[in-house]
Structure formats: structure tokens, C-alpha cells
Amino acid sequence: MDRFLDTFFNAEVLARYAPSILDGALVTVVLSVLIVLSGIGLGTLLACLRAYRIRPISFLIVIYADILRALPPLVVILVAYFGLPNVGVVLSASVVLYLVLTLVLAAFAEEIVWAGITSTPQGQWEAARSTGLGFTQALVWVVLPQAVRMVIPPLTNRAIAITKMTALGLVIGVPDILGNASTAQSFSANASPLTLAAIAYVILFLPFVIGSRWLEARFARPGA
Amino acid sequence: MARSPETTPTLEVRALHKAFGSEPVLRGIDLSVARSEMVFVLGPSGSGKSTMLRCCNRLEEPTSGEIFIEGDRLTGPGVNLNAMRQRVGMVFQSFNLYPHLTAMGNVTLALRRVQKKSRAEAEAIAAEALDKVGLSDRARHHPGQLSGGQQQRVAIARALALKPTVMLFDEPTSALDPELVGDVLAVMRDVKAAGMTMLVVSHEMGFAREAADRVIFMDGGRIVEQGPPDQVLGAPTHDRTRAFLRRFHA
């Protein structure tokens, strides 16, 4: 039992590395928020573009979404981080992680929001257009609000899954929770910093998970 | 082209053809509706009556033919369709209210986004329209909190608020429980009394007899017979009209 406590809950190690993990938590939070906002934003924009049914554009969007959904994000992160400098693009590890996860989340969000747009009844478009709204106005004011409400559960689930992947930043040295915890673990030859990291993740992501439940309940259609 | 409003039909359809793929649905419709006239369109399912109605605001694109609203062309290239559609109100069988907006939000949307009215101005117009359909007290309700009949009346208010020149009704009571039909018909009667020009596709024979100025019977994508309701419904001259009415009364 002592050995277990010493390995996972070594008080001295915990105290020494807590500030570094707190720093890491800040990085994780900032990255997560940015990834969720820009990933869902970009994905929604792409889904809207696809609604115009301009063949070449829709084709490109589908190719983009399918490739990024098929690739393991870790592979994309490694290729971007170690490959881009060879073509003269040098980005920091955090920026690479942000860009890759944003693009991955956007790919999933595009498919999810697109599903919402296509399952909004045709009558909604017709009602909007019959009152003189243009296509874009009908999309923005009538169809998209309904589509987004419909897909909030899969969208939040996907957003949580992708933001947790900020932990993959470890492999390219992003100083996030896991990055700092892993460094601390090597220095101290003790797993306690990793325990702390796990606790930090739960503290950070549990509100996110609970918040998604609230969102789902909040946007359940009144009376429908 | 300047024509006097007395002689210019409010809605004029000329040689309207519509085909879905190789399947002809409308085979040459000529129809003109005078100002404040209520024209009822009857016909068996598949006769093309709904398609004809939906061509009148180009929710269906005609294959050929022309449509005019107060002498202004609705069909053909170069038409500002969104502007023209504001002059043609449409009421749908399944209401098609926006479920994420309140009754007020449903009525004000086009006023604000298309006519660019301020929120206060749009809400004043919407309040008046909701009052006309007897739903002032439901303005802040969402469609899901309203009965079918109330939803359809909000939909009528949504179309009315834009002050259209003509209103199209596509089987407005077909999706309603029988006891809710009366309220919607009463509102349509009021709309007519206020001088609206109306083209109505419906199976409400009793209402047609009582309120319509003219009844049109369509079959096979053509107008088979038309005239005053008493004549078309009471003493039809065409076999197909008689057969249709017989089935209806049986």
C-alpha cells in the first residue's frame, strides 16, 4: 500500500510539480477553447457552403472531410510538425496542435452539421423562400438554427473527443497538462505527476461533459 | 406597361406547362384571377392543382408559360424573384412554421430580414396580423405549443403581414383535425372580406359553395371546367367533374 501511495500520490513530488501542471492546464484550456470555437465554426461554414450544391466546391469539402476523418490525428500532427519545416513553414508545436485538431474537428463538424441541414424538412426552405427570403437568408435564419439544434448531442460529443486529443501534443513537446506531467515524471522517476495530470483532466473536462448535457436539454425543441 | 388596375388581372397564368422529367403534370393552364376574387381549385389527386399553385410563386419552376402579378412578370430571366414573392403569400398544407421561433418571430422574420424593418415596426405589423387571425394572446408561444389550427392561423398571419397582392392556399385544412378546420376557414373568410385575392386548393366543398366566387375543376393537368360554385358543384357539365363529385359525396 505504501508503495502504491508513493508511486501515485507522492506528496513531495506532487507539491513540487503542481505549479508546472497548473501552467500546463492553462495551455490545455486555451487550446481546447480555441479548437472548439474555430473547429465548429469552420465546420459549420463548410456545411453551409455545401448547401449551395456547387459541385466542385461540395466535392472538395467531401474529400477534405473524408480524409481528415480517416486519418489518425496523431499521424497528421507528426507529419505537420516534422514535415512542414522542410518546405519552409516553421510553426511552434502549440500552433501545429491547434491547427491540426481544428481541421480535424472541422471535418467532423461539417459532416454533422450537414446531416442536420439535410434533415431539416423541405417545407422550412419553401416557407422561408415563399416570404421572399433569399437562399442565404433562409439558410442562416431558418434552416441552420434548426439544423444546429438537432445535432448538438453528436457535435458536443465530438468536440469533447477532439479537445481531449490535445494530450497528443506530448509527442511534439507542447507544454500542456500531459506534456508537463510527462516531463515531471521523467525528472522525478515517479508517476505522481501523471496522477495529477489525470485529476487535472477530470477537473477540466467534467464541466465540459456536464455542460454538454445541459446544452442538449436546453435545445431540445419545445413541445416537439 | 401601364394598364389600369381595374382591367389587369391580379394573377394571370398563360399557357402554363410543367413536367417532372418526362412526366407532364400541367398541360397548358390559362387562368386569370381578378382583384379580390376567391378562386377555388378542385380536382382528384395527381390532377396538378398543387403544382399549378406552387408555380404561381415559382416554388416549382414552370417548364413553359408565363405568370403575371398585377401585370408584372413573375416568370422568365431577370425577374427579382424575392421581391415578387413578397407579393404572393403562400399557406401550406403542413403549416411549415419555423419551430425555433415564436409565433411573433415567425411573422416578423421576413419583415425584418427582407423588408428591413426595425424590430419595433415589424412587431407592430406582426401584432396586427396575429390579431386578425385571433391569436394575439399566443404571440410568444412556439409552434410546438400551439394546436394545428392555431399553427395554420399563425402561418396565415405570416403571409398576411407582408401585405401580399394575392394569397395561395395549398390544402390549408387537410392536415387538421375536423374540429379545428372551422377556425381556419373563419380566418380565410375574414381575409376574403378584407378584399384579398385568393387562389385556394382545397377539398372543403361546403366552404367553396359558400365563399368562393369561382370554382375550377382540374384533371390530368388541364382545367376541365370552371364557373360559379353553384354551377360547377351543383350542375357540372363535364363527365369527369360529375364523377369526381359523385365520389366525394358518396
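Over the ring of which residue does the charged end of B:Arg158 sit, and how far is it from the ring centre? The charged end of B:Arg158 sits over the ring of B:Tyr98, 4.6 Å from its centre. A charge is taken to sit over a ring if NZ of Lys or CZ of Arg is within 6 Å of the ring centre and within 35 degrees of the ring normal.

The model is predicted, with local features needing pLDDT of at least 70 and side-chain atom pairs pLDDT 80 or more, while totals for chains, interfaces and linings use all residues. Residues are numbered from 1 along each chain as its sequence is written, chains are lettered from A and ligands numbered from 1 in the order in which they are written, and side-chain values use heavy atoms, with hydrogens and water left out.

Chain A carries a record annotation. In an unreviewed entry, UniProt lists residues 25–207 of chain A as "domain: ABC transmembrane type-1"; positions follow the numbering used here, feature names are shortened, and annotations may be inferred rather than shown by experiment. This span is 80% helix and 0% strand, and its end C-alpha atoms lie 14 Å apart. Helices (H or I, at least four residues) and strands (E, at least two) are DSSP runs, numbered from the N terminus.

Aromatic rings are the next topic. A pair of aromatic rings is described by the distance of the centres and the angle of the planes. Rings of Phe, Tyr and Trp (its six-membered ring) pair if their centres lie within 6.5 Å; planes under 30 degrees apart count as stacked, over 60 as edge-to-face and the rest as tilted. By this rule there are nine aromatic pairs over all chains. One of them is tilted, because the planes of A:Phe4 and A:Phe8 meet at 45°, with the ring centres 5.1 Å apart. Both residues belong to helix H1 (residues 2–8) of chain A, where they are four residues apart, about one turn of the helix. A:Phe4 is partly exposed at 44% relative accessibility, and A:Phe8 is partly exposed at 33%. Here buried means under 20% relative accessible area, exposed over 50%, and partly exposed in between (1.4 Å probe, protein chains only). Ring pairs also link A:Phe4, A:Phe8 and A:Phe9 into a cluster.

In helix H10 of chain A, A:Phe205 and A:Phe208 lie three residues apart, about one turn of the helix. Their ring centres are 6.0 Å apart and their planes are at 20°, so this pair is stacked. A:Phe205 is buried, with a relative accessible area of 7%, whereas A:Phe208 is partly exposed at 29%.

Two loop residues other than glycine have a positive phi. A:Ala189, with phi near 50°, lies in the loop between helix H9 (177–188) and helix H10 (192–218) of chain A. A:Ala189 is exposed, since its relative accessible area is 70%. In chain B, phi of B:Lys163 is also near 50°. B:Lys163 lies in the loop between helix H5 (148–160) and strand S7 (166–170), and is exposed at 57%.

The cysteines complete the account. A disulfide is a pair of cysteine sulfur atoms within 2.5 Å, and a search of the whole structure finds zero disulfides over all chains. For B:Cys55, the nearest cysteine sulfur is that of B:Cys56, 6.9 Å away. B:Cys55 counts as buried, at 0% relative accessibility, and A:Cys48 is buried at 13%.
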